Amino acid sequence: MTTNPLKRQREPDDDPACSSTYYADASMTTSSATTASTTILDLPTELIEYICCCDSLKLIDVFNLAISHSKLNNCLFHERNSCLWKSKFIQKYGLLDNEEYEVVIDGQNTWKDEIMLRMSLDKAVPAEIIQMPCKYMKFKNVPYHLYPFSQYLNSKNEGHRYYILSAIAAYYKQLQSNECCNENYDLLYMAHQFLIYSCQVYFGYKLSHFLSLPPAEQIVERGFYLLGRWWCPTINIPYRDINKSLNNIAIDVCNRIRSTNPVHPLFEHENCLKQVVERGKLNLDHDLFDETSTMFILDNIRQIIFSEDQLVCYCNHDLNCFLLQQVIDRRKGSVFLLCVIFESVARRLGVKVRLTATSVHNFVSWSSSWPGNKRGNPTCYLVDIAGGGVMRKATVCPVSRKLPEQYNGNSILDLFWTFSKTVEQLTIENMATYKYVLDFQKLLKPDDSEVEFKCQKFHQYYDYCRCPLLRNPSNPYAPNHVDEKNIMYTDWEEIFPLVPKKRGEIHDPKYSIGMMIDTITMGSGSCSSIVTKRGVVVGWTRVPSNNPLPNPTVYHVLIRPDHYFSTAKYQNPVIKAIREGRYEKLQRQLKPYDYSFKNIGKFFTHYSHELCAFVPINDLAQLYPDDLSHTISKSKNIDCKVKQFTGRHVVPKY
């Protein structure tokens with residue numbers, strides 16, 4: 001909004017040349033002068049506030065208006081104007097959804113304070129991420145206690161925790177959508193690390209709160225939605241979308257039932273579809289219809305959900321099959337989550353089914369719980385999800401009323417635990433997923449000795465930081481970073497020296513930082529095998545030698561670890577000291593096809609096809625000030641075919 005500057009009205013004596021014209025046209029200008037004398041300052045305060053609440057006025061317009069006059073400043077910036085600031089908060093950040101986060105407004109937190117805080121964090125979070133690569137370059141992994149904004153991430157105010165997550169998610173999405181996203185390795189790396197951490201903290205609080213709810217309020221799809229956000233923070237789908245998708249499936253079943261049996265008791269009430277949506281918010285105590293009507297509903301659910309072939313996926317490499325959001329969209333995934341979808345749709349249609357996990361299969365079980373049922377022991381049925389939803393009678397123990405080999409319970413905690421054990425099969429190819437599984441199991445059973453042992457072994461073999469959600473019982477609102485250490489590279493003083501290492505000596509290193517080199521190890525004696533490993537130079541050290549040969553150079557190379565055990569290839573890359581020797585040769589690699597080093601963004605900003613090398617971040621480049629010119633001089637001798645490489649850029653997998 002723009003306003004004309006407030007000026008004193010012109011008087012006739014101000015300009016003698018215009019005086020005659022003024023008196024001649026006095027009758028014509030009287031009405032216009034009267035109109036011009038009325039400004040926004042003459043309006044009541046309430047009306048000014050009401051006008052500023054309009055969507056056509058942006059927040060910047062309100063700021064500009066407020067600074068134009070002291071009255072407007074007092075009117076618009078007064079703390080009691082919560083209606084104005086709430087409208088601007090919603091206008092900028094969307095409608096409030098208490099399922100996602102809740103903004104607490106009280107004597108200490110006003111709408112003005114909230115929008116100011118969130119806007120400041122939107123700027124502060126990206127600014128902090130830009131500084132992260134240089135700050136954490138020396139660490140193998142960034143210890144959690146060094147991450148910024150802990151006072152907001154662990155605030156009792158859920159809204160403040162969400163502001164951090166929202167800011168980092170928006171910045172991460174911005175980096176990914178950038179056409180030159182492959183030239184932001186350093187920013188992508190740190191943004192991804194901080195996004196994972198903030199997601200675990202934020203949704204860790206949400207999961208803890210969810211587990212503390214009464215069983216009637218522990219909606220199963222809500223729990224698995226939170227777990228999906230915990231495991232895969234880059235998939236940003238709000239719960240309302242999940243709820244809407246499940247409602248739509250249930251409505252499709254209703255429409256099918258209506259077309260075949262319009263007198264079904266499901267349609268006794270005029271607003272039956274509204275009741276379908278409402279039943280998704282709470283668990284059912286019992287079936288709403290008799291056994292015959294309920295079995296008819298279950299049969300129609302089967303025909304809607306299993307209308308396509310091969311819904312169950314038994315892969316052990318695709319995390320999408322274990323994320324509720326993705327399984328609903330693709331209608332294909334883990335049998336466990338298909339059971340969750342079946343239960344959620346059945347509940348909306350007034351059928352109480354149970355997710356029943358056994359040592360062999362995952363099923364949905366049902367026996368009539370209709371209050372009017374006169375049978376003492378109604379028949380128990382298993383809905384075979386893996387078999388296309390076919391129902392068959394099940395044998396139940398007459399004493400325990402359990403199925404053969406059924407686990408002890410079907411509570412949310414039991415289901416979470418069973419599901420976490422199921423997802424462990426993904427860890428064959430993804431150690432990061434295994435870490436999330438262990439973190440989640442630690443959250444479910446913090447005092448379990450077996451979980452604690454697995455956590456200790458994992459962190460002993462892999463350079464991962466401890467779980468950010470190990471809370472101290474005496475301080476339940478903040479993470480307790482047990483045994484947190486600043487784990488630096490062993491020879492970090494050589495890799496990142498206090499005094500910059502310059503060239504110009506007789507025996508300068510052949511390779512400079514950022515170059516990719518192959519380490520060719522030749523077997524000795526009877527062993528004739530040749531092993532080639534690729535790495536990127538992150539530093540070098542001249543080593544004095546008593547031999548008459550030139551002083552050797554030790555290169556510090558970011559490289560995959562040696563395969564001392566079967567899963568070593570999934571470890572974080574290490575910085576290994578390498579020098580040419582009798583059985584080890586070094587050779588420069590020019591083909592830029594290996595971008596998959598997890599920590600590549602901690603040291604380099606992007607890969608330059610002109611130089612055939614990675615470009616170091618500023619702080620690393622300053623430690624080796626002559627290496628860039630050395631790389632440029634070497635690139636002049638490279639075949640132009642290599643320099644003109646136009647292959648597909650691959651973002652590093654973190």
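Modeller: Helix axes are lines fitted to C-alpha atoms over the stretch in contact, and angles between N-to-C directions run from 0 to 180 degrees. This is a predicted model: local features need pLDDT of at least 70, side-chain atom pairs count only at pLDDT 80 or more, and totals for chains, interfaces and linings use all residues. Residues are numbered from 1 along each chain as its sequence is written, and side-chain values use heavy atoms, leaving out hydrogens and water.

Colleague: How do the axes of α12 and α14 cross?

Modeller: Two packed helices are described by the angle between their axes and the distance between the axes. Here the axes of α12 (residues 239–260) and α14 (residues 291–305) cross at roughly 120° and come within 9 Å. Helices are DSSP runs of H or I, at least four residues, and strands are runs of E, at least two, numbered from the N terminus.

Colleague: Which residues of α12 and α14 meet?

Modeller: Contact means heavy atoms within 4.5 Å. From α12, I249, D252, V253, R256, I257 and T260 meet residues of α14 including F296, I297 and N300.

Colleague: Which strands does β3 join by bridges?

Modeller: Two strands pair if DSSP finds at least two bridges between them. Strand β2 (residues 362–366) is antiparallel to β3, with three bridges, and β3 is antiparallel to β4 (residues 390–393), with four. Y381 stands opposite W366 and has K393 as its bridge partner in β4.

Colleague: What lies between β3 and β4?

Modeller: The two strands form a hairpin with five residues between them, and G388 in the turn has a positive phi of about 90°.
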